[in-house]
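Let's take a walk through this structure together, one region after another. Please keep the viewer open beside the text as you read.

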Amino acid sequence: MQHCKNCEIQFSWKKVYRSFWGWGYKSIICEKCGTKHRITFSGRLIATFLIVLPMSFFINFLSPFENLIITIFIGIFLAFIGSILTPFLVRFKSD
């Protein structure tokens, strides 16, 4: 899990996860020292690949179901699983 570059305090999973949602990626501000951390470009790519790619790949190529609603539901479930894993893999840089 990501930690502050200045004081080495580890960010919570919840704080990192919330930084992905909303309009754009939000910065994380360290609660101890106030250092602002932004997600790196490679972190944005990792987040996109973990959330969008599995869902799109399943819906377009791997779906064994003829029912479109089941296919979409499983695709959304895969995107959710990818989003849960994202905070462990992305990196932030301090400003």
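**A guided walk through the model**

R38 is partly exposed, with a relative accessible area of 39%. For this scale, buried means under 20% relative accessible area, exposed means over 50%, and partly exposed is what lies in between, computed with a 1.4 Å probe on protein chains only. This is a predicted model, in which local features need pLDDT of at least 70 and side-chain atom pairs count only at pLDDT 80 or more, while totals for chains, interfaces and linings use all residues. Residues are numbered from 1 along each chain as its sequence is written, and side-chain values use heavy atoms, with hydrogens and water left out.

Let's stay with R38 for a moment. This residue is found in strand β2, which covers residues 36-39. Helices and strands here are DSSP runs numbered from the N terminus, where a helix is H or I with at least four residues and a strand is E with at least two. Setting aside residues up to four places away in sequence, R38 touches S27, R91, F92, K93 and D95; a contact means heavy atoms within 4.5 Å. S19 sits 19 residues from R38 along the chain, and the C-alpha atoms of the two are separated by 9.2 Å.

Is Q2 buried or exposed? With a relative accessible area of 2%, Q2 is buried. Its side chain makes a polar contact with the side chain of R91 at 3.4 Å. A polar contact is a pair of N or O atoms within 3.5 Å; within protein, one must be able to donate a hydrogen and the other to accept it, and residues adjacent in sequence count only if both atoms are side-chain atoms. Beyond four places in sequence, Q2 touches Q10, F11, V90, R91 and F92.

The segment before α1 also holds E8. In contrast to the buried Q2, E8 is exposed, at 52% relative accessible area. Its backbone deserves a look too: phi of E8 is near 65 degrees, a positive value in a residue other than glycine.

Which residues make up the largest nonpolar core? There are ten: C4, F11, V16, F20, I28, C30, I39, A47, V90 and F92. A nonpolar core is a set of buried Ala, Val, Leu, Ile, Met, Phe, Trp, Tyr and Cys residues joined through side-chain atoms within 4.5 Å. V90 is a handy member to follow. Leaving aside neighbours within four places in sequence, V90 is in contact with Q2, V16, F20, I39, G43, I46 and A47.

Helix α2 (residues 41-62) and helix α3 (residues 68-89) pack at an angle of about 160 degrees, with their axes 8 Å apart. The axes are lines fitted to C-alpha atoms, for helices over the stretch in contact, and the angles run from 0 to 180 degrees between N-to-C directions. The two helices are therefore roughly antiparallel to each other, a label given to angles over 145 degrees. From the α2 side, I46, A47, L50, I51, P54, M55, F58 and I59 take part in the meeting, and their α3 partners include I72, I76, A79, S83 and L89.

The side chain of S83 reaches the backbone oxygen of F80 at 2.7 Å. Not counting residues up to four places away in sequence, S83 touches Y17, W21, L50 and I51.

Of these, W21 lies in the loop between α1 and β1 (28-29). W21 is partly exposed, with a relative accessible area of 40%. Its contacts, leaving aside neighbours within four places in sequence, are K26 and S83. W21 and E31 are ten residues apart in sequence, and 20 Å apart in space from C-alpha to C-alpha.

Our last stop is S63, in the loop between α2 and α3. S63 counts as partly exposed, at 23% relative accessibility. Apart from neighbours within four places in sequence, S63 is in contact with F58 and T71. G24 is 39 residues from S63 along the chain, and their C-alpha atoms are separated by 30 Å.

Note on methods: Angles under 35 degrees count as roughly parallel, over 145 as roughly antiparallel, 65 to 115 as roughly perpendicular and the rest as oblique.
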